[in-house]
Structure formats: structure tokens, C-alpha cells
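Please open the model in your viewer and keep the selection panel at hand. The tour below goes from one selection to the next and says what is found at each stop.

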Amino acid sequence: MKLPLISNERFVQIAAPIAVGLLFLVAWEVTVVAMEMPRYLLPGPSAIFQSLVNDWNTLFRGLLMTLKVTLMAFGIALVLGVAASLLFVQSKWIEVSLFPYAVLMQVTPIVAIAPLIIIWVDDTTWALTICAVIIAIFPIISNTTLGLRSVDPNLLSMFRMYRSSRWQELTRLRIPSALPYFFGGLRISSGLALIGAVVAEFVAGTGGARAGLAYLILQSGYNLQIPRMFAALALITLTGIALFALMVWLSDLALRNWHESALRVEH
Amino acid sequence: MAFAAVCGNDRFSLNQPTAYSGPGTVSGDRTVTQPPATPLKQVHPARPSPDAAVTDGRTETMGSRPVVQVSGVDKVYANGTVALQGADLTVKQGEFVSLLGPSGCGKSTLLRIIAGMGEATRGTVKWWEQDYKVVGDKGRKLAFVFQNATLMPWARVRKNVRLPLDLEGTAKRPESQQKIDEALEMVGLQGFETAFPRELSGGMQMRASIARAMVTEPNLLLMDEPFGALDEMTRNKLNDDVLRLWQAKDWTVVFVTHSVYEAVYLSNRVVVMAARPGRIVEDVAIDQPYPRSSDFRVSTEFAGYCRRVSQALERASQMGEEVAS
């Protein structure tokens with residue numbers, strides 16, 4: 001007998017990872033109960049879920065704060081990154097002179113420069129945002145620049161044969177060609193913006209009304225409220241997954257008609 | 001079937017003979033093979049010329065005026081490879097000239113130089129007896145068809161075909177819509193305007209590419225092994241289509257190929273090239289009437305021309321080996 005749902009590829013794609021996740025959680029819970037693990041060492045999933053419900057107000061405020069920094073940083077990285085790429089493709093000279101500095105920014109550990117930025121910038125939210133931008137911008141710059149250069153040379157020759165302007169070349173040829181690369185950059189960058197926001201907050205250690213999820217993790221650690229720590233961690237992970245899924249969806253929306261990466265293969 | 005309209009178009013009389021003045025300039029080291037017995041007369045449609053209006057009703061006949069003059073052109077790449085050496089070629093109004101040769105003989109390089117896509121290292125190229133920069137101002141238009149369809153994958157067929165008009169800034173004019181419709185109809189792609197290139201077969205993509213080249217109503221059409229990647233049936237069909245369009249429109253065609261049969265079937269003249277260094281070695285006139293059909297493909301004349309061209313190619317490759325050794 002053949003189960004109809006098993007042969008449905010889409011169903012399997014969603015159900016299989018969920019099944020693995022549930023199995024993992026069950027095994028976790030069983031292990032914790034069986035070994036009588038104390039909560040301050042390793043809480044079980046049920047305890048974490050309970051903390052998520054009980055501390056929802058605090059956690060939700062933290063989530064909003066982290067999300068705000070992440071999204072602001074991502075937006076700024078997107079605008080500045082694309083602007084930098086457009087500048088880079090204008091001339092080889094500009095790219096050669098400036099690209100090493102983009103790399104420099106990428107390889108500098110953010111934890112090392114975050115304290116400086118926090119000292120220089122009064123407003124903590126902005127300080128955190130700047131740190132996250134520094135981390136998130138590089139994939140956008142490097143991917144978009146690569147994309148803007150990855151133009152079919154024959155199409156470019158043809159554009160020039162028809163005496164296209166630089167503007168036409170950019171809008172009708174370079175930007176559409178760059179889209180798949182650009183969206184690839186966005187996927188990486190969205191995750192990095194979140195990591196940047198969290199790491200910067202760890203360094204800054206801002207508490208009070210402006211506490212984000214990272215501060216909640218720190219604080220819960222000090223107080224041995226380990227279930228709350230896990231709950232905050234779970235929220236960060238879920239945010240990252242949601243951002244990634246959003247980027248995949250956007251990319252699919254923009255490319256599904258023509259690009260190989262977004263095509264559904266029919267068997 | 002879309003081409004039936006072109007053929008049956010009573011604007012063009014297909015049976016009116018016109019004098020043909022034969023192949024262009026002959027340089028010293030190049031032999032020109034003329035068909036021995038047949039007179040240099042050719043059945044060819046008299047076609048309305050863009051000059052007719054400009055030159056007070058004087059109708060221009062084929063072969064009367066050079067469209068492209070390549071003289072003494074060398075192309076040396078930065079790494080020292082000599083892609084082309086001493087190329088001389090004159091293509092006249094209304095001719096269908098094929099550049100034939102093995103890989104590396106510089107035929108595509110020569111075509112790109114003719115298209116203005118690459119600069120010659122030495123020598124001169126003239127378009128309508130003028131410099132490339134002034135050609136555009138006189139309403140003379142070039143079009144190029146690549147080996148691959150080279151369509152924009154993100155744009156639908158209609159937008160791809162419209163591209164040259166967009167770049168010219170004339171796409172918004174009312175007559176442009178008509179031009180696009182006509183081009184699509186000529187290549188038999190009506191009904192596929194909203195398809196994306198990836199949804200089309202290889203042959204249909206090539207048709208879209210040809211429609212794009214046609215849409216500006218070019219005077220000079222340059223084709224770089226356009227059907228090399230297609231199966232033989234599709235290739236034969238597209239060959240016939242191109243011949244019909246060439247007869248119906250005011251085209252001068254330079255066609256790059258490595259197929260002897262394709263070159264002989266299509267052309268007035270087959271220019272045979274050799275490799276290492278790339279150069280022109282022979283210029284064979286194919287003195288057979290148009291329209292040509294599948295009957296021509298199996299005729300003794302066709303076989304004769306193919307043999308002659310093949311022998312020229314063989315001689316060319318032997319010369320290449322002598323140079324290499």
C-alpha cells in the first residue's frame with residue numbers, strides 16, 4: 001500500500017524536518033526527566049515553553065528591541081551596500097581603491113570594535129545598529145558588485161551597437177542581471193544583521209527599558225534562570241529563520257519567472 | 001506558414017532579374033573562383049532601397065554600391081595571437097555573403113569588426129563608404145544575430161524584440177507597435193509575445209533573436225553562426241526563412257558559418273578563410289538563382305559548388321599546416 005501523503009514531495013519537504021525536530025524535543029525531555037537533571041543546568045523543552053509563556057511580556061519587549069535594531073541595520077546595509085556596488089561598477093579605479101576597505105570592515109571582529117562605537121555614539125540603539133550594519137553590509141556589497149559585472153558580454157556588445165546610454169545599460173541590463181546575486185547577498189545579510197544586533201548588545205550590556213534579547217540572556221544567566229535564557233535563545237533563532245524565509249520568499253517572487261534558481265523542476 | 005505572407009507579398013516581384021556585378025575587390029594572394037560557364041546573371045528581386053527616396057527616385061540595384069569595405073585589417077590580441085591578418089573584403093548592397101572556415105580562422109572576429117564591436121589593430125573599415133561614427137546619423141542600421149539567442153532571460157519575448165527600439169528611444173511611437181507585431185509575425189512567433197525565453201525551444205529562441213534584429217529594419221544584418229546549435233531540420237527551416245526575409249526586405253547579409261552546405265545554400269558569395277593566422281583565402285561566387293528550395297539542395301549544381309568550396313577549404317588548411325611547420 002502506498003501512502004498518498006508520502007509521495008507528495010511538498011508535504012515531505014515540510015513534514016520531515018518537523019518530525020526530526022519533534023523527535024529531538026521528545027528525546028531531550030525524556031533524557032532530562034530520566035536523569036533528574038536540575039533546571040539550572042539543563043531545563044527540558046516543557047520548562048522552556050513554560051518560561052516563554054510566563055515571561056512573555058519581558059521577552060516580547062526584548063524581541064521587539066532586537067528586531068528593531070536588526071531591521072534598521074538590515075535596511076541601512078541594504079541601501080548603503082547597493083549604493084556602494086553601483087559606485088564600484090562605475091569604474092575599475094573606484095572599485096580597486098575602495099574594495100579593500102570593504103574587506104577590512106568585514107574581517108575586523110565586531111566584538112573588538114563594538115566598545116569603541118558604543119563610547120562614540122551616545123544613543124545605544126544607534127550604536128548597536130551601526131555594529132550590525134558593519135557586519136551585514138559586506139555580503140550585499142560583494143554579491144551585488146559581482147552581479148552587476150556578470151553581464152552577458154554579447155548582450156552588452158549589442159546594447160553598445162545600438163548606442164545605449166550608461167543609464168540604459170545600468171537599468172536594462174546590469175541591474176536585472178545582478179538580481180539573483182543581490183538576493184543571494186540578502187539571504188546571508190539578513191542573518192548577519194541579527195547576529196550583529198545580538199553580539200553588539202552583549203558587548204554593550206544595555207539594560208532597563210531598552211533591553212533586547214541578548215541582555216535578557218545575560219541577565220538570566222547571572223540569575224540562573226536558565227529556562228528563560230533558553231526561551232530568549234529560541235526567540236532569536238525563530239527570528240533568524242523567519243528573516244531567512246522572508247528573503248527566500250522575496251527572491252522567489254522576483255526571480256521565479258526566469259532564473260534557474262527559482263524554477264521548479266518537474267519530474 | 002507565417003512566411004507565406006512575405007513570399008506572396010505583391011510589393012515584391014520575385015522574378016525580375018537584376019544585374020549582379022560579381023564579387024568584390026580581389027587582392028594579390030587570393031584566388032577568386034568564378035563559375036566558368038554560366039554568365040554572371042542572377043535572378044533576384046528588385047527591392048525598394050532606402051536610398052530611393054534620398055536620391056530622387058533613382059532605384060539602386062544590387063551590387064552597385066559597397067555596404068562594407070574592409071581593407072588590410074589585422075587583429076592582434078593582447079596575448080600576441082594573430083586572429084586576423086590582412087583581411088580585404090567588400091560586401092555590396094543586397095549581397096548575401098558567407099564567411100566560411102575552421103575554428104580559429106577569425107571569421108567571428110572579422111564579423112565583430114564589421115559590426116563595430118571590436119576595433120581592428122591595423123587597417124580600415126568603411127560602412128557605406130563612411131566612418132562608423134557617422135553611420136548612425138544617416139539612418140543606416142546594423143543588426144547582429146549571435147550564435148546563442150542572447151535574449152534577456154528576465155524579459156518576455158515582446159520586450160526582448162522591442163529592445164532595439166527602446167535603446168533608440170523610439171519604442172513609444174505608434175508605428176513601433178506595428179513594427180514589433182510585424183517582426184513577430186515574420187518569424188512566426190505571434191501568440192508567444194508574453195512567453196519568457198526559457199519557455200521556448202532553441203529554434204523559437206533563435207526566431208525571437210531574428211525578430212529583434214529585424215525590428216529596426218536594418219540595412220546590414222550580421223549573423224554569427226546563428227543556427228550552429230540547432231538540429232538539422234530546424235536549421236534548414238530557419239535557413240529558408242532567412243532567405244525569404246532577405247529577399248523581402250532590403251537586407252545585405254554577412255553570415256558566419258562552418259558548414260559548407262549552409263554557406264553554399266544561402267549565399268551569393270562564399271568567402272573561404274584559413275586559420276593560424278586567420279585570413280581570407282578564396283572568394284567563391286555561387287551563381288544560382290533565388291528563391292532556392294530543397295530541390296537546390298539535391299541538385300548537381302549544389303554538389304558541384306559544395307565540392308569546389310570544400311576543396312578551397314582543404315587547400316586553406318594545407319596552407320595553414322605549412323605555415324605552422
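**A strand in chain B and its partners**

Select Phe144(B) to begin with: the bridge partner of this residue in E9(B) is Leu222(B). This is a predicted model, in which local features need pLDDT of at least 70 and side-chain atom pairs count only at pLDDT 80 or more, while totals for chains, interfaces and linings use all residues. Residues are numbered from 1 along each chain as its sequence is written, and chains are lettered from A and ligands numbered from 1 in the order in which they are written.

Follow the chain from E9(B) through helix H8 (residues 232-248) of chain B to E10(B), a β-α-β crossover that is right-handed (with the strands pointing away from the viewer, the path from the first strand over the helix to the second runs clockwise).

Now colour E9 (residues 220-224) of chain B by burial: five of its five residues are buried (20 or more other C-beta atoms, placed from the backbone, lie within 10 Å of the residue's own). Leu220(B), Leu222(B) and Asp224(B) point one way from the strand, and Leu221(B) and Met223(B) the other way.

**The open sheet of chain B**

Next, select the open sheet of three strands, whose order is E5-E4-E7 with antiparallel pairing. Strand E5 (82-92) and strand E7 (122-127) of chain B each have a single partner strand, so one side of each is left without a neighbour in the sheet. Seven bridges join strand E4 (residues 66-76) of chain B to E5(B), and Val68(B) has Val91(B) as its bridge partner in E5(B).

**Where chain A touches chain B**

Finally, show both chains: 14 residues of chain A are in contact with 16 residues of chain B (C-beta atoms, placed from the backbone, within 7 Å). On the side of chain A that touches chain B, helix H7 (153-161) and helix H8 (166-204) of chain A give two or more residues each, and H7(A) gives the most, with six residues.

Terms used:
Two residues are in contact if their C-beta atoms, placed from the backbone, lie within 7 Å. Helices (H or I, at least four residues) and strands (E, at least two) are DSSP runs, numbered from the N terminus. Two strands pair if DSSP finds at least two bridges between them. A residue is buried if 20 or more other C-beta atoms lie within 10 Å of its own, exposed if 12 or fewer, and partly exposed in between; C-beta atoms are placed from the backbone.
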